[in-house]
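Please look through this note with the model open beside you. Each point takes up one topic.

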Amino acid sequence: QELLGEFIAHQGLVYEEFSQDRHVVSETPDTFHDMIVGVDWGYANPGVMLVGGIDGDGRIWILSERYQRQQRIEEWANVALDIRGNYGANQFVCDPSEPDYIRTLQQAGLSATQANNAVMTGIQAVKHRLATRAETARGSLPRLVIHRSCVNLISEFEQYQWRESRDGLHDAPVKSNDHAMDAMRYLIMAVDKPKRKAIKASAVRYA
């Protein structure tokens with residue numbers, strides 16, 4: 001929106017840290033240490049698969065999006081197989097609301113698991129990656145970078161808003177413009193989940 005020639009940001013955006021200047025890029029690395037796909041199911045609403053590459057610094061690069069309405073699960077399984085063939089990704093972290101869909105991906109030979117759907121925790125994880133920068137050989141980059149071809153993801157980042165409660169507090173996001181946002185949460189929560197440390201038997205004391 002413009003007012004008197006000045007750009008005015010939408011009020012109440014969930015990800016006010018997001019900026020196309022900082023987070024959207026035209027080029028990405030050629031190789032990655034790991035690949036992961038965040039999946040949000042949909043039919044009347046869009047279904048989404050986001051392909052993320054993790055570089056040697058732990059940065060997530062969103063390389064590609066598949067954003068489609070009215071696709072059956074069998075069609076999504078074919079999309080997932082195509083993603084595996086093109087990107088080498090075999091870790092699909094999926095919206096847990098449709099366990100039968102996850103089983104369909106598994107039956108197609110894909111490594112598909114239920115995502116952590118803790119909404120507020122996931123939002124904070126995304127916000128942390130958007131806000132955190134690190135100096136690298138490529139310069140100062142955020143911990144989350146998005147290729148400009150992911151037009152629906154970028155659009156949702158710029159429209160995803162907090163719901164306002166009666167006392168004016170933001171207590172949850174509005175359930176709108178959130179399909180790629182959900183897939184993004186699932187992906188980042190899977191990458192950033194705490195690593196369980198192995199305990200040596202010698203360190204265990206018995207009563």
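1. **A parallel pair.** Strand E7 (residues 91-94) and E8 run parallel and are joined by 4 bridges. Two strands count as paired if DSSP finds at least two bridges between them. Find Phe92: its bridge partner in E8 is Ala112. Helix H3 (residues 99-107) packs on the sheet and touches E7 and E8. The direction of H3 makes about 165° with that of E8. Such axes are lines fitted to C-alpha atoms, for helices over the stretch in contact, and angles run from 0 to 180 degrees between N-to-C directions.

2. **What you are looking at.** This is a predicted model, where local features need pLDDT of at least 70, side-chain atom pairs count only at pLDDT 80 or more, and totals for chains, interfaces and linings use all residues. Residues are numbered from 1 along each chain as its sequence is written, and side-chain values use heavy atoms, with hydrogens and water left out.

3. **The chain overall.** The protein chain has 6 helices and 13 strands. Helices (H or I, at least four residues) and strands (E, at least two) are DSSP runs, numbered from the N terminus. Of its 207 residues, 44% count as buried. Buried means under 20% relative accessible area, exposed over 50%, and partly exposed in between (1.4 Å probe, protein chains only).

4. **The sheet.** Which order do the strands of the open sheet take? The order is E3-E11-E6-E5-E4-E7-E8, 7 strands with mixed pairing. Strand E3 (24-25) and strand E8 (111-114) stand at the edges. Each has a single partner strand, so one side of each lacks a neighbour in the sheet. H6 lies across strand E4 (34-40), E5, E6, E7 and E11, and runs at about 140° to E4.

5. **Strand E6 and its partners.** E5 and E6 run antiparallel, joined by 8 bridges. Val51 has Ser64 of E6 as its bridge partner. The two strands form a hairpin with 5 residues between them. In that turn, Gly58 has a positive phi of about 80°. E6 also pairs with E11, through 3 bridges, and these two run parallel. Here Ile62 is bridged to Ile146 in E11. E6 is mostly covered, with 7 of its 9 residues buried.

6. **The cores.** The largest nonpolar core has 35 residues. A nonpolar core is a set of buried Ala, Val, Leu, Ile, Met, Phe, Trp, Tyr and Cys residues joined through side-chain atoms within 4.5 Å. Tyr15, Ile62, Leu144, Leu153, Phe157 and Met184 have the most contacts inside it. H6 gives the most to this core, with 10 residues. Another core lies apart from it, with 25 residues, among them Trp61, Leu63, Ile83 and Leu141.

7. **Phe157 up close.** Leave aside its neighbours within four places in sequence. Phe157 is then in contact (heavy atoms within 4.5 Å) with residues including Tyr15, Phe18, Leu144 and Met184.

8. **A buried glutamine.** Is Gln71 buried or exposed? Gln71 is buried, because its relative accessible area is 17%. Gln71 sits in the loop between E6 and helix H2 (73-87). Not counting residues up to four places away in sequence, Gln71 touches Gly42, Tyr43, Trp76 and Val79.

9. **Cysteines.** How many disulfides does the structure hold? The count is 0, where a disulfide is a pair of cysteine sulfur atoms within 2.5 Å. Cys94 counts as buried, at 0% relative accessibility. Cys150 is buried, with a relative accessible area of 0%.
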